[in-house]
Each structure stands twice: as C-alpha cells, then as structure tokens.
Amino acid sequence: MAGDSKFNFAEWLRSATGVFWKDFRSELRTRYALNALVMFVVTTLSIVLFSMTEENVAVDVLAGILWVVIFFSAMSGLSRTFVNEEERGTVMTLHLLASPSAIFFGKLFVNLALVFFLNTLVVVLYLLLINGFAIQSYGIFVLTLLLGSTGLASAATIIAAIIAKANTKGTLYPVLSFPILLPLLLTVMNGTKLATGPASLSDAAVEFRILISYSVVVTAASYLLFEYVWKD
Amino acid sequence: MEWWKIGVGIWLTAVFAVALSFPIVPEPKHWYEFPVIPGLEERARIIFFHVPVAWTTVVAFLVALWNGVKYLRTMDLEADAASSNSAGLGLLFAVLATVTGSIWARFSWGSFWNWDPRETSIFVLLLIYGAYFALRSAIESEERRARLSAVYAIIAGVTAPFFVFIMPRIMTGLHPGSRGDVQGSGPVVQFHMAPNMLLVFFAALIGFTVLFAWMMEIRLRTSRLELHFMNADSEQS
Amino acid sequence: MDFYKFLSQNSLYVVLFVVLIIWAGIYSYLFRLDRRLRRAEDQVEKHHHER
C-alpha cells in the first residue's frame, strides 16, 4: 500500500486469511453457494440413479459421470465468491483493504474449501448409492481426487474472476471454464477409471504428474494475471 | 498492390495445380510423380490442403496470444484489435480444418468423428475460440473487453499444451483394441513423405501462412479505418 | 464430347478445375477488398493534408 516498499509477508498473510474468513463466514451465514452445490449434486445424482435402476452400467462410464457431476456442480457454485462482490458493491472496499495477490489467494482458498466439500459429498453419495461403482485402489482414487480438486479450484477461481466483470455471468462461466478444465477432466477421469481396477500407484504416475503440473501451471498463471483482471 | 500479394496468388495457384495433378504411381520415376501411400492412395492429396489450414489456425492462435500479452503490457488498443482479428481468422481456419478433416476421416477410417487425438485437439481449439468470442460479446467497455479477453487467451494458451501429453495416455486408456491403423495421430506424423511431396507440402504451408498474413492485414486496416471514422464522428459532434 | 469423356475418367482434373475456380473467386474477392481499402485510406490521407 502507500508508503511501504518492502513486502511484508505477515501483513499479506493476514490480508489473505482475512479475505478467506470473510467469505467463509458470509457463506456459512447465507449458504448461497452451499445450497446451490448441494441441490445440484442431489438433482444430478437422482437423475443418474433413475436412469440406472435395472441396467448394469460399465464402471468406466460411472467414473466419467462422477466427474460430470463434480464439474457442473462446481460451475453452479464456485463463481459466487467473485460475483457476490460485484453484486453487493463491495469491490471498491476490497480494493482498498487488500492487495490483489492477497485477494486472489484468499478467494482461491475459499473455492478450494468449497471443492473439497463438494467432492466429499459427491464421492460419499456415489459410493453409497451407486452399486456398480467400487474402488479397488484407494491410493490412486484419493490422490486423484486431491490433485484434481486443487486444479479444479484453481482454474475455476481465475475464470470466476473474469466472468464477474462481464455481463452474462451465469451462462458464460461453464463456457469459459470447459476448454480450460478439459485436460484436467480427461486426466482425472482416467485416474478414476484406473482406481476402479487393480492398479498400483505407479500405474497412475503419468496422471499424477499431469495433475500436479496442471495445478502448478494454472495457479501460477492465475496469480500473475489476476491483477490485470482485478484492476479497474 | 504489393508484390507479395500478387505473388501469393501465383504461388498458391501453382501449389493447388501441382497437388491435384501430379500422378500418384506405385513406382515414381519422374520428379513429377508422387508415390502411393498404402491405405491412402489418391486421398493423400488432402494433406496439401487440410494440414496447412490446421497449421494456420494454430499460427492465428499464437498471434492472438502474442497480441494479448502485448496489450496487457502496452494498453494499446491496436494490439487488442490484432488479437481479436487474428482469433476471428483462427476460428475460420479451425472450422475449415475440422470440416476437411472429418471428410477425410469419413473416407479413410469410416466415420466423420472418432475422438482421436488430432480430432479432439481441434475440437478444443474450436471451444477456446468460441469461449473467447462469447466473453468478448459479454463486455461492453472497450478497455475491459481487451484486458479480460487477453487474460483468457493466455490462460487458454497455457492449458492447451497439456493435451499434447494427455492425448497418448487417453488413447491407450480408452481404446483397448487397436483399430486398424492406430497411427492415431494420422499418417502425417508416421509416414515419411517423398522429397517432392515434402516440397509441395511446405510450399502449401508457406502459401497459406502468407495468405493468412494478407487477410490479417486487411482486417487490421479495416479496424483502423473504422476507428478513424469513429473518432472523426466524435470530433465533429 | 471427347473432352467430357476424358474428364469423367480422370475425375481428378474435375477436382482441380473446381478448386481453381473457388480459389480464383476467393482471391479476386481479397484483391478487390484490398483495393477498396487502399482507395479509402488515400481519401483519409487527402483530407488530412487538406486540413
């Protein structure tokens, strides 16, 4: 801010966690994003279940559908953190109170929390309700979920920041996110498919490497580009 | 009229004529004969059209990306005009590449679309272009539109290369049985082209790239004129 | 008549003919567009100098 030229990490950390807690508490209070996510998961899973009453669906397809549900649920909830600021008119205040990078990381962690919550919910429901879907290699499954979540949150956050400044936010969000997330989606679907079979961790090494580098690359690029999106 | 614009007319006419008239024979004995590629025969000629068009769409994307970065650094709206014009041309060439590619696929492999690596990557490129223009049409402020579409182009440019690494993985993962020639990437990478074919091929690449440069120049000049008349209007009123 | 017979057996030359026609159309479109732009730009230059 004005005056200090030296970067103070403690200050920055306080800013970022401040942004995080602000959004977190606000979300707990109003539960807009949480409601959207939960309702979306419930409705899509119901439709999947209805269509599967008698049929035995191949595990591969089920692995794919898992991530379809996750992707679209994410699309229904992860843009809230930025769109809320625009709608409530608090953008200017946020500009004054925190540096762009603190805001970026604060909101990234909000979305990370939302994604972890979402994924846990979907996976638990999936395992409980869908018969054909059984995990054989838990290691691969958990690691794929974790790494996939970070990539998803990261890409979803920067795109959310972009569309918050546009006009048709709702429909634009999945349109912009899909091409960016496609590499991630293809890789986690592959990993999940591997996890349903008797595979060892090293079999999925390629997937893990891709997921890690994706998360790193997207987070780094988002961090560098965020201030161009944020400034007005 | 600049010499290179006349030149590209003659150049590409020659390329097309050669691509579509040099006979394809099993044992080429003359410089004007192409060898037969087993499995392709006459259809091999599409290489001189389809691949350069696909190549041009990638060039167009890189130009759009480069100008996006340039805009973020200089805030010069001309860079943004270059970026969006290039993306527009890129979209045109991507559609052409997809259409010619799927026609080729129909006659070579049986169906119009197979989700093989090359097809999937051109599909992703189409999605990126579509998303880019959807974003641009959703922002009214000129400066904000330029800024946000530049950022999006960069994000897309950063994630797109990942496909190069996932593609082989996906193919082996999803296709347990091999399907005929699983030169999934298509014959372009696999077979070695005869020297005279290679020459014509590179001539086609160069020709299409120069054609793209001309189309870009026309669009940029048009944007500049439009800008000029818009300013003139506001000066008079 | 001989010409058509030749063409129906060597269909490649039909393709070549079609491609060249399409290319001629596209090229002349670009050429005319370029020339019109040049004329408009020269007009702008003239007005600039007259100012």
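Between chain C and chain B, 6 residue pairs are in polar contact, with both members of each pair at pLDDT 80 or more, in what is a predicted model. Salt bridges between chain C and chain B number 4; one of the salt bridges joins the side chains of Asp34(C) and Lys5(B), with an N to O distance of 2.7 Å. The contact draws on 26 residues from chain B and 20 residues from chain C, and the two chains bury about 2,000 Å² between them, of which 73% lies on carbon and sulfur atoms.

On chain A, a nonpolar surface patch of about 510 Å² is formed by Phe116(A), Tyr138(A), Val142(A), Leu143(A), Leu146(A) and Leu201(A). The element that gives the most to this patch is helix 7 of chain A, spanning residues 138-164, which supplies 4 residues. Val142(A), one of the patch residues, is placed in helix 7 and counts as partly exposed because its relative accessibility is 43%, a value that falls between the 20% limit for buried and the 50% limit for exposed residues.

The loop between helix 7 and helix 8 (169-195) of chain A holds Asn167(A), which is likewise partly exposed, its relative accessible area being 45%. When residues up to four places away in sequence are not counted, Asn167(A) touches Ala138(B) and Glu140(B).

Notes
Residues numbered from 1 in each chain as written. Chains lettered and ligands numbered in written order. Predicted model: local features only at pLDDT ≥ 70, side-chain atom pairs only at ≥ 80, totals over all residues. Heavy atoms only, no water. Patch = residues over 30% accessible without salt bridge, like charges linked within 9 Å, V, L, I, M, F, W, Y side chains within 5 Å. Areas by Shrake-Rupley, 256 points an atom, 1.4 Å probe, with all protein chains shown as cover. Helix = DSSP H or I, 4+ residues; strand = E, 2+ residues; numbered from the N terminus. Buried < 20%, exposed > 50% of the residue type's maximum accessible area, 1.4 Å probe, protein only. Contact = heavy atoms within 4.5 Å. Buried area = accessible area lost by both parts, 1.4 Å probe. Polar contact = N/O pair within 3.5 Å; in protein donor to acceptor, adjacent residues only side chain to side chain.
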